[in-house]
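I opened my notebook to record what I looked up. Here is the structure, and my entries follow.

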Amino acid sequence: MKIKAGFITKFLLIICLILSFHSSTFALQGKDNAGYDRKVKTFSTEVSPTVSISNVAATGKPCITWEKLKGANRYKVYCAKSKKGNYKRLITTSASSFVHKKAVAGKTYYYKVQAVSKRSPKKLSKMSAPRKNICDLRSPVCSVNLNKRGKPKVTWKAVANAKKYEIYCATKENGSYKKIAMVKGTSYTHKEASYDKDYYYKVRATNPEFKGAASAKSSVCSIYTMDLRKKRIALTFDDGPGPYTQRIVDCLKEHNGRATFYLLGMNVEVYPDVVKAMKQAGNEIGNHSYDHPNLRLQTTDIILSQMWKTDKAIEAVIGETTSTMRPPYGKFNSTVQAIVGKPVILWSMTTLDWYHQDKDLTVKYVMSNVSDGDVILMHDIHESTMEAVIELVPKLQCEGYELVTVSELAKYRGINLEKGKVYYGFKK
Ligand code: NI
């Protein structure tokens, strides 16, 4: 029992000592983060400056900061490559911080700071305890492209002293970035990425040999993925909507396909519900003028009013205007190009469906001539065309064609559609 009591007394004594030590160090601190005034340390040979270190975000170089001592006027910053190594003076300064620009990325350094008294310059404070810091690596600059299959390939330049790179990924620019890989080289292919999605990447350089040295994450690079091995075509229907258009819209929807409808403003006013349905099913709606004049023979005012009236009619139904146009008869000139304010979309295949109005001829012609990237011209105002579409949609899909809109097809080919520019198709 005696031994136990003695042990408890000793234990309590040690606790008291620790507590008193803590309170005295607090009293020596200056302003803390919350802004409370604490007693500022006064210069003496027995105190040392309080040192903290952080790395500069842009360069990764260590920034040593310390609290000034009352009565001190200059500070000496010392550095060594190991804790008990040979500390060499880096600088003598009157400031309260110093950026160690000559520090090498990925390496570990130890720093000490010593204050010099105002009154007697030779009088030195106690040296601060050594503070360890690893100089950060430079952050990589990344870019991303699609590989042949349409998967994202992230690349970057090698960072000095980096041994490995961490790749972070998110599906929204400001989303949460998750670490998806760690590689030795300077590129990474994200094979698990799915198609038709946006991906955002950041890369971080690291060096495990330098005990956790790492760069800040790079700025974002992003890409939209798509299966580049897929065959895609754009079916386009002019002059509608008409009495057969809804059936075409239903057929596309049934087979999970999409098309582009170049509408006449005057017909939009007759079939508003069909226009709504085609938009809701994900089809694209384009401008084909109000009542089908040859725009090449019209004045600027008439061309503009043909475009404007049609856009207004479409907007009244679906709440938005069109982003591409097709001139009636495919006729245009430089004036038309200059003032329509939209990409001019023609076609790479015409079926002449309006001329022969023969379902079998249309089907046969398309199936024997179609190729990847085609923009196919048809007219949804004919019954024979509607019948042809009902046959064509599953047939084309069986041949491996994905039915997309004109704007999607351009996007899949990496083409930014430009106002006034004429496009005949998007073949590779
Ligand atoms: Ni037409």
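How many aromatic pairs are there by the ring rule? I counted seven aromatic pairs, where rings of Phe, Tyr and Trp (its six-membered ring) pair if their centres lie within 6.5 Å, with planes under 30 degrees apart stacked, over 60 edge-to-face and the rest tilted.

This is a predicted model: local features need pLDDT of at least 70, side-chain atom pairs count only at pLDDT 80 or more, and totals for chains, interfaces and linings use all residues. Residues are numbered from 1 along each chain as its sequence is written, and side-chain values use heavy atoms, with hydrogens and water left out.

**Rings**

I looked up phenylalanine 237 and phenylalanine 261. Their ring centres are 5.2 Å apart and the planes meet at 25°, so this pair is stacked. Phenylalanine 237 belongs to strand E16 (residues 231-238) and phenylalanine 261 to strand E17 (residues 260-263), 24 residues apart; strands are DSSP runs of E with at least two residues, helices runs of H or I with at least four, numbered from the N terminus. Both phenylalanines are buried (under 20% relative accessible area; exposed is over 50%, partly exposed in between, with a 1.4 Å probe and protein chains only).

Next I checked tryptophan 354 and tyrosine 355. They pair edge-to-face, 5.8 Å between centres and 70° between planes. Tryptophan 354 is partly exposed at 45%, while tyrosine 355 is exposed at 63%.

**Salt bridges**

I found 16 salt bridges in the structure (a side-chain nitrogen of Lys or Arg within 4 Å of a carboxyl oxygen of Asp or Glu). Arginine 258 meets glutamate 408 at 2.9 Å, N to O. They sit 150 residues apart, glutamate 408 being in helix H10 (residues 406-412). Arginine 258 is buried at 18%; glutamate 408 is partly exposed at 23%.

Arginine 413 bridges to aspartate 372, with the closest N and O atoms 2.8 Å apart. I noted arginine 413 as buried at 18% and aspartate 372 as buried at 17%.

Lysine 395 and glutamate 391 also form a salt bridge, at 3.5 Å. They are four residues apart in helix H9 (residues 383-398), so about one helical turn separates them. Salt bridges with shared partners join Lys359, Asp360, Glu391 and Lys395 into one network.

**A lysine without a partner**

I then turned to lysine 112, in strand E6 (residues 108-117). What is the nearest side chain of opposite charge to lysine 112? It is glutamate 46, 15 Å away; lysine 112 is buried and has no salt bridge (Lys and Arg count as positive, Asp and Glu as negative; His and the chain ends are not counted).
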